[in-house]
Structures are given as structure tokens and as C-alpha cells.
Amino acid sequence: MVVFFGLTLVTAQSYSVEGTVQDFHDKTMLENAVVTLGNSTTKTDKKGRFSFSNISAGSHQLVAKHPLCDDYTENVKVDRDLHLAITLEHHTDEIQGVTLHGNHKTRGSVIMSTLDKTEIERNSTENLGNLLSRITGVSALKTGNNITKPIIRGLYGSRISILNNGVKMAEQEWGVEHAPNIDVTDFEHIDVIKGASALKYGNEGVGGVVVLEPAILPKKDTIMGNVRLSGISNGRGGELGATIIKSWENDWFVKAGGTYRKTGDQYIPHHTLQNTGQEFNSFNFSFGKHSFLQGFDVSYSGTNQEFGIYKGAHLSSPEDFYNAVNFGQPYFLDNFSYDIDNPKQEVAHHIAKVSAYKRFSDFGKLTFQYSFQYNRRKEFDIRRGELLNVPSMDLRLITHSASLVHLIERLNWSLESGISGSFQDNFPDPATKARRLIPDYYRYDAGAFSVFKYRFSSKLNAEAAVRYDFSRYDAYKYYDSDKWNDNYASQFSEFFVSESGSRILTRPILDYHNLSANVGLNYKPSQDFEFKLNLSRAERTPNPAELFADGLHHSAAIMEEGNLSIKKETIYNVNLSLAGQFDVLKGLHIEANPYLMYSDSFINQIPTGVMNTNRGVFPVESYQQVKARMLGVDVDAELSILDNLKWKSGYSVLRGDDLTNDQPLILMMPARNRNSIEIMLHKPSQFYVTLENDNVFRQKRYPIANLPVTFIKDGVERSEIVDFSTPPAAYTSFNATLGANLFKHLNVNFRINNLFNTEYREYLNRLRYYMYEPGRNFVVTLKYNF
């Protein structure tokens, strides 16, 4: 009996289990966390402490839960009194990481707008430039109607950084008609950060940053994806796309997808534009493992594009050129075709990326990334004989990039720092037998940044960032002897290599040291009002065209002249944001973003002449450095009239001045107002109807850059002035969209662009002299989700 009762007492022995629950990132003790051990449940106190008593010996399941946290689960063996320290991932919005979905807002001071998944899906057949034009303060610089690139508050090209799944795109972006090589259907949402406030992405985004983020994959065993089919009336084409994802509960995933799109010659009101078809295809593949503590992924994406360039923009005589620009006398054949003939572009872009991260309890998070990019651009001119199928420009750009970033977060502050480096090799193939517009060059870049963020209170946050970048060009370039001797021989004599006839070979080696910084405040006195202020100074290395361009850029229909004397560009930015929520009907949200930009070294491209060549007549555009100022405001309003009826409006206006020459800056976007009203019936079929109205005002402030031409007419030599300057008239266009779920997994979206077939020209279309914007376009998209 003594032995029996002794064993019973040993078996029935109990212990106490206590511990703490804290945030993984900043070590904050978490109050009201629910902790369950076996059949017992308790909550943590203000200091994050919990305790259990009389827990029987043995194995018990421990579960800890807290709002906005992933659950913590562990099997605990109780054979003595225990003290446990539990860590939970409490906040997932990393500093300036811009990783949340939907209409999200960061807690920092960056001025940001977002296109969410719904907006992307409803406009999935659009290119990136046209899609981003739906954001207030963003427009598109066009070369015809297929080739567009985003403009953020008047700045474009290499002043805009585009982040494709964390990789900064490197794709000859200096060209005005070099459209980004992006398949927008790859991404869950697209963020536009306005101004030079996101220095972690590099110093060249002095105008802003476009961040394209894919979907966050579910952590469960599942197969999911979609198949898309679109019909496009304008161009009589279509698009087919698919995405498939396999994920596992153990955090592994595999994803693949692709798109193919083909259209023929585009229709404008009453005419068809010859040679304006396009063909586009893309493919992406990735796999990896993403857990909270550590992860990695390997990804590849590739795009191939072929664009026809409207033949009416390439005229053979000065008289035709004068008539087309001054009197709007374009040349139409009006016979539709899917053929893409010269002049045209063929562009391929490939990205391979490897990234990995590791979280440490006290040290923070380390992220490493390496990427390889290959860009091949061929531009075909109208040539004869043996050169018929030989491109007039053939550029190959290879880019290697690597970065290491460290992030540490504590209760009231965060610090993110990183280093990066890249190497570029640009090779223009001499087999084109044409003067190389951009020379051979190597470019070396190295940078370091640090972003500090501090929370003074629940209402006031501040942040500061600093970045240093070093860039070097090592180029080989031929100059005409006269141009070299007149402009550069005395200033850059050390670059001289050799002389052959009337040509001089040089080797410019140019170094740039850039220092950028920004400070920002975010003040939110109540849930209904928010104030943001961001001040920045950013320095940018000139791009290859600004330094070296020399010759005919045929797909842009211009002669370009770079300037070896151009220095680095420094831009000062002031950005404000005032946002308020008002109790009007079902809710009114208004946000105003005034801004000011100043630079005493702004690099500007302006028309300086007209050249008549054996390949046609083209304007000459040169790069100059001037003092410049831009100021403007973007205003957004959203009113919920009823639970299922919503009105949105956006207005933007910009004034740009060339202070050196006391004239307006060229190619500043005109004032614009966009309105939309949407009815959505959530049940039973998610039916919606949207009507959009786009009002673009005439640009009344522009520089006078008219140029003389001479031609023979009726046996008499005439000298006339070509009006490059006068902007087109204001216009109003309408778009409509409706859609619904046809079945449980099948939905349809029907969109009509330019509903009333309005005839108009865009000031920011560089071929506006020769063509109107596209006419009415019906787009029907069927999407099957699984």
C-alpha cells in the first residue's frame, strides 16, 4: 500500500508554467495575448506576462494568439516548473517596404498612390504607361499609340525607377520611345511613390518610383491560378494569359505564368494607321520557401515585344514634313494589316533573380539579392538592298546587380541600411553599318543608404534617410573631327585615343559622386486627418543619351545630340500631403498633394534644328543644362453616395519653368481632371458598372521652338517655319466598364475606351503632328479562376 500510494503521488504531481509574450521585431511585451496550454487558457497582462498553475506532468500543446499576429504553436513537455519566452510577429509593414495590398498607406511620410488588383484586372490589356495614367499626377509620354512610358509630375525616363519584383529595371530607359518591358498581369498591386523620398530604391528616381509587387502566396497546401482570354476590337486582336501556383503548408511554393497578345493596325476616327500593329509575349517562373524566420526564392521573367512605328511619321521631303506638322495633313492608306514592317522595334528583356532573407531575434533581418538582366533592342529603319532586314540600331545591355540590406525594429524606432553594387555592359553591334547612336560603354555603380524612422507618439512619426552613390562610365566613342575639335578637344584632351580620316576615337572615363538625403514628418492628430511633409535633395548621374547620343534615333523620328560636358543633376523636392475624412453621406475622403521641385542643373532636351538626310527629314534635339522649377498639386476625392454607389475624382495641374532662358519647360503635362462613378451590386454576381470622364485641358504654357525648312515648290525655293510648339486643343473622352461573375469561378469584364469615338491629339504624344489618338475600342475579358 505504501508503494502504491507513493507511485500515485508521483504520477499526480503538478507544476507551474509561466512566461512572457513579446514582439519579434522590437521586443515590445504584448498585452492581451491569449495563451492556451492543454485545457487551460489565460491572457497576458500589461507587461506581457502569463502564468499557469497545477499543470500536470506530461506533454501539452501550447498556443499563443494575438491580433495581427501569426499563431504560435509548440508541444511543451512539462516535467518541472517552466519559464517560457514566446515571440510573435506583431507588425508586418516593414519600413518603406510597400508590401501591403489594396489601398494601403505606409506609416512613413512617402507620398504614394496605388493601383490595386481590381484596377489591374479591369485594364489587363493595357501597357504600364497607359495603366499608370489612371493615377492623379501621372501621365504617359507616347511615341504613337502603342509605345508609352510613365511621367510622374513632369519627369520621366531615367528619372523614374521601376522596381519589378524588387529588381530595378535596366532597359535603355533613356529613350523617349523605350516602353518598359513589363507584363502588368504578373502583379497584385502597383505603387507609385511621388518625389525622391524612397532613397532605399536608388538615387536616380528623382521623379518617383514605380513598385510592382506580386501576390503574397498562401501558406497552405493548394493549387490555384487563372486563365484569361481577351478580345480587342481596335487592332482586331486578342490576348491569352494564364497563371498557376502550387503552395505547401511547409512554406514552399512554385509559380508560373505567361501572356501572349497580338493586334494589327490601329484605328483612329475615320482612318486606319499603317504599320501600327504589335506583338507581345511574356513568361515568368519562380520557386522558393518563405517562412517567417528565413526564406529564399529564385525567379525568372522574360518579355518579347515587337512594335510597328507609324509610317506617316517618317516623311521623305521637307515639304511633306512642313505640311504634316503645320496643317495636319497626314498620309493614310487605310488598308488594315497584321504585318509589322519597317520602321519597327524588336525588344527582348530577361531578368533572373536570387534572393534570401534571415531574421535574427536580436540582430534584425538580413536580405541579400542578386539579379541578372539582359536587354536586346533592335530598331529597324526603312532601308534598301542588302540592308533591308538589317536593324539600324542593335543594342545589347547586360546588367549585374547585388544588394545586402539590414533592418532592425524596436519599440519607437526602426533602422534600415544597405549596400549595393552593379555593373553594366552596353554593346551596340557595328553590323548595323549605321552610326551608333549610343557607344560601347561599361558602367560601374556602388551605393550605400540608411533610413531611420522614429515614433514620437501615436500621432507623430518622423524619418530621415541618406544615400551615397558612385558611378563611372568607361566608354569608347567616335566623334566627327570638326565636332570634337570645336567642342571638346581642349576640355577633354585626355580622352583622345586616335584619329582616322575625319573621325576621332575617344575613351571618355567619367566619375560621379552623388549624395542624396530626405527628411519627413507624418502627423495624424485624429483618425480623420493626416498631414505629411517630405523634403529631399537628390543627385542623379546623367544617362548615356544625355552624354553620348549622336545621330538618328529613327524610332523616335529625331536626330539626338548629347553633350559630354553635362554635369550631374541635383534636384530639390518639397512634398506635402493633406488628407481628411468627412462625414458626408456615406463618407467623403479628400487628399491634396502640393509639391515644388527646383534644380540649378536640370538636364533638358529641346528642338534645335531640322536635318534633311537621305533617310528622311527629322528634327534635331539637343541636351542642355538649365535652372528649372516645377510646382503643382494633385487632388483626389472619393465620395460614397450609397453603400453600392461611389464617385471618384482626381485633378492635377503642373507648371514648369526654364529659369535660365525665361520660358516654360517643354513637355509638361497639361492640367487634367478625371471623374468616375461606379455602381456595384455585391450579390449575387458581383455586378458592377463604371462610367469614366477624362478632361484634358490645353497646355497654354510652352516654349517656342519652331524651326525653318527650305524646299522647292512649283520651281520656286520656299523657306517656311515648322510649328513644333503649338499644343493641340483640349479634349474630353469617356470610357465605360461593366462586369460580373457569370458562374462561381468565371467572370467577365467588358470595357469601352473612347466611348464616343472622339477625335483628339495628345500633347505628350511625340507623333501628335502626324496622327490622332486611338478611336473607340471594345475590350472583352473572360477570366476563369481555380
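Predicted model: local features only at pLDDT ≥ 70, side-chain atom pairs only at ≥ 80, totals over all residues.
How do the residues lining the second largest cavity divide into nonpolar, polar and charged?

Residues are numbered from 1 along each chain as its sequence is written, and side-chain values use heavy atoms, with hydrogens and water left out.

I begin with the cavities. A cavity is a set of points, on a 1 Å grid over the protein atoms alone, where a 1.4 Å probe fits but cannot get out; a lining residue has an atom within 4 Å of a point. Grid points are joined across faces, edges and corners, and the volume is the space filled by probe spheres set on the points. By this rule there are 11 cavities of 30 Å³ or more.

The second largest cavity has about 230 Å³. Its lining is made up of nine nonpolar, seven polar and four charged residues. Here Ala, Val, Leu, Ile, Met, Phe, Trp, Tyr, Cys and Pro count as nonpolar, Asp, Glu, Lys and Arg as charged, and the others, Gly among them, as polar. Of the 20 lining residues, Tyr 156, Arg 159, Glu 546, Ile 603 and Gln 605 lie nearest the centre. Strand E35 gives the most to this lining, with four residues.

The largest cavity holds about 280 Å³. It has 22 lining residues, and those nearest its centre are Pro 607, Glu 621, Phe 724, Arg 768 and Tyr 769. By class, 16 are nonpolar, three polar and three charged. Strands E35 (588-613) and E36 (616-642) each supply at least two residues of the lining, with E35 giving the most, three residues. Strands (E, at least two residues) and helices (H or I, at least four) are DSSP runs, numbered from the N terminus.

I turn now to the surface. A nonpolar patch is formed by Ile 223, Val 227, Leu 229, Leu 240, Ile 244, Leu 742, Phe 743, Leu 782, Tyr 784 and Phe 786, with about 950 Å² of accessible area together. Patch residues have over 30% relative accessible area and no salt bridge; like charges are joined within 9 Å, and nonpolar side chains (Val, Leu, Ile, Met, Phe, Trp, Tyr) within 5 Å. The areas come from the Shrake-Rupley method with a 1.4 Å probe, and for residues only the protein chains shown count as cover. Strands E15 (222-232), E16 (237-247) and E45 (777-785) each supply at least two residues of the patch, and E15 gives the most, with three. Leu 742 sits in the loop between strand E43 (731-741) and strand E44 (746-753). Leu 742 is partly exposed, at 44% relative accessible area; buried means under 20%, exposed over 50%, and partly exposed in between (1.4 Å probe, protein chains only).

Next, the salt bridges, of which the structure holds 50. Each is a side-chain nitrogen of Lys or Arg within 4 Å of a carboxyl oxygen of Asp or Glu. Which partners are buried, and which are partly exposed? Lys 344 and Glu 346 pair with their closest N and O atoms 3.2 Å apart; Lys 344 is buried at 12%, whereas Glu 346 is partly exposed at 26%. Asp 469 and Arg 467 meet at 2.9 Å, N to O, with Asp 469 buried at 6% and Arg 467 buried at 5%. A further bridge joins Arg 503 and Asp 480 at 2.8 Å, N to O. That pair links distant parts of the chain, 23 residues apart, with Arg 503 in strand E29 (residues 503-506) and Asp 480 in strand E27 (residues 460-480).

Finally, the backbone. Most residues other than glycine have a negative phi, and most peptide bonds are trans. Arg 236 has a positive phi, near 50 degrees; this residue lies in the loop between E15 and E16 and is exposed at 54%. Leu 585 also has a positive phi, about 50 degrees. Leu 585 is in the loop between strand E34 (569-582) and E35, and is exposed at 57%. The peptide bond from Asn 342 to Pro 343 is cis, with omega near 5 degrees, and Pro 343 is in the loop between helix H4 (318-327) and strand E22 (344-360).

Key:
1 Å grid on protein atoms, 1.4 Å probe; cavity = no way out; pocket = protein on both sides within 12 Å on 5 of 7 lines; lining within 4 Å.
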